[in-house]
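Here is a short briefing to read alongside the model. Please keep the sequence and the 3D view open as you go.

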Amino acid sequence: MASTTMTEPWLLENGNVKGLSREITRHGRTAHNMSSSSLRKKSDLTLVSKVRWGCLRLLLTNIQEVILGTKLSVLFPAIPLAIVANRFGFGRPWIFALSLLGLTPLAERVSFLTEQIAYFTGPTVGGLLNATCGNATELIIAIFALSQHKIDVVKYSLLGSILSNLLLVLGTSLLCGGIANLKKEQKYDRRQADVNSLLLLLALLCHVLPLLFRYAGGASTALTADPTLQLSRASSIVMLISYAAYIIFQLATHRQLFEAQEDSEDDDDVNSEELPVIGFWSGFAWLVGMTVVIAILSEYVVGTIEAASESWGISVSFISIILLPIVGNAAEHAGAVIFAFKNKLDISLGVALGSATQIAVFVVPLSVIVSWIMGIKMDLNFDIIETGSLAIAIIVTAFTLQDGTSHYLKGLVLLFCYVVIGACFFVLKSPLSKYYLVTGSFPNQISHGILNIIE
């Protein structure tokens, strides 16, 4: 019975008592866990506890905790609406919008479920699960886009996630935190920021070199296509190895750098959340189910993004780089800003830099490897404007975080950088957007798209 778990260190599910070690119940919580918990609300199980039938009581408890236990529960109706809209052939822009809204609470709930499972598996396995599922939405969207040969949608959405975390989320957090704490000096641990900055610079190198191949020795695009692809695949393997080393560094050798530290005034709230509210198998089942729903909505998003672009008069690049990351990760972003208001910048930085690092050195190279397996030629050449925007974002962020202190002006500058980059992609529209999604590489392959039209 879930209400019992709030006072005792065990959980009764399906008639079995599942023990919890004291080490697990007080394991270090990561910035992602803390950020997501800021959007959760305590469930009142008074009425549920009066239900006589155990199975029904367990089901209602799970629904109360998983579906209604978040402040974003009002967005859950968008999920069945998106499925109904797709089933009965409603306007494709409506399907896109509803699917995007439906993904917002799902991303936060996945974080909640991985944390619940971590209470039973231990902090190390839980950390690995969180590292794998932390950006599940981006990865699933990328896989569906690859299956439809929309390589640029993959590149745009992943680039947008990195830019939004480094400039929008971090910038908003530093700005709001600086304004809310004008009379306090805001400090954070530079060591975690340094580790993430190094990995982001490694990712930037892996993007810059394939781009430079195009201009090396004046060779044509056709001559440099294969070397660029081979270099991208080799670089992707290197980045995945570096990410594995990062996980070992984060979860084993230097765990203390990445554990979110709670203040003493919040001890009561933290202690109330130190015990699981659902069982292991319930959490696992919910996690699988929500992953399936994310996959369905991601397929809708990928399949309707061009229709939404044409209907709204907005380029696919702007939708993929700006709208998808903002709406899809709204819950995580809001949590980072909330903790910045509370002068807990280490948590805000852990969310922003951690997500950006995970996408840059894990999701992006994994997408390249997956496309390789699928027989699709995806490289790390994101083209000059996209790569330039990525370089500026990483370098500006690294300079911003180099002294270990923060004020509102730093956040304002990061936000202005994001606004300028967003404006760039808003006005940059490919005249052959339909074929640009498949062939890619604007502007050097426009002639190839023209040949497709002629044929």
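A polar contact is a pair of N or O atoms within 3.5 Å; within protein, one must be able to donate a hydrogen and the other to accept it, and residues adjacent in sequence count only if both atoms are side-chain atoms. With that in hand, the side chain of Lys 155 reaches the backbone oxygen of Asn 381 at 2.8 Å. This is a predicted model, where local features need pLDDT of at least 70, side-chain atom pairs count only at pLDDT 80 or more, and totals for chains, interfaces and linings use all residues. Residues are numbered from 1 along each chain as its sequence is written, and side-chain values use heavy atoms, leaving out hydrogens and water.

**Around Lys 155**
- You will find Lys 155 in helix 8, residues 151-180 (helices, H or I, have at least four residues and strands, E, at least two; both are DSSP runs numbered from the N terminus).
- Lys 155 counts as buried because its relative accessibility is 9% (buried is under 20% relative accessible area, exposed over 50%, partly exposed in between, with a 1.4 Å probe and protein chains only).
- Setting aside residues up to four places away in sequence, Lys 155 touches Met 378, Asp 379, Asn 381 and Phe 382 (contact means heavy atoms within 4.5 Å).

**The whole protein**
- The protein has 19 helices and four strands.
- Of its 455 residues, 54% are buried.
- Among contacts between residues at least 6 apart in sequence, 82% join residues at least 24 apart.
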